[in-house]
Amino acid sequence: MTKCPDCDAEIDLDEDEVEEGEIISCPECDAELEVTQIHPVHLIVISDDEEEEEADEEEGLGKEEEEEEEEAE
Ligand SMILES: [Zn+2]
């Protein structure tokens, strides 16, 4: 029996029916899980960090402004 790493729900997965790298969804919490290993099956949660990437771009613009201040000195 495999457990969801996110919500600990038991997932009835047959290790003969999945492949390494396969993406499945948890039936309980709907998290996207990647099969990283079979025999025994090991799952990891795929983090949805698209929003974080957008935030990094905004931070990059702020750093450019700081560099201009150094030139004035
Ligand atoms: Zn879950």
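User: Where is the place of D30?

Analyst: D30 sits in the loop between β3 and β4. Strands here are DSSP runs of E with at least two residues, numbered from the N terminus. One heads-up: this is a predicted model, where local features need pLDDT of at least 70, side-chain atom pairs count only at pLDDT 80 or more, and totals for chains, interfaces and linings use all residues. Residues are numbered from 1 along each chain as its sequence is written.

User: Why does D30 count as exposed?

Analyst: D30 has 9 C-beta neighbours inside 10 Å.

User: What phi does D8 have?

Analyst: It's positive, about 70°, although D8 is not a glycine. D30 also has a positive phi of about 70°. Most residues other than glycine have a negative phi.

User: How do you know that β4 and β5 pair?

Analyst: Pairing takes at least two bridges found by DSSP. Strand β4 (residues 32–37) and β5 have four, in the antiparallel sense. For instance, L33 has V45 in β5 as its bridge partner.

User: Which strands stand at the edges, and why?

Analyst: The open sheet runs β3-β4-β5. β3 (23–25) and β5 (42–45) each have a single partner strand, so one side of each lacks a neighbour in the sheet.

Methods. A residue is buried if 20 or more other C-beta atoms lie within 10 Å of its own, exposed if 12 or fewer, and partly exposed in between; C-beta atoms are placed from the backbone.
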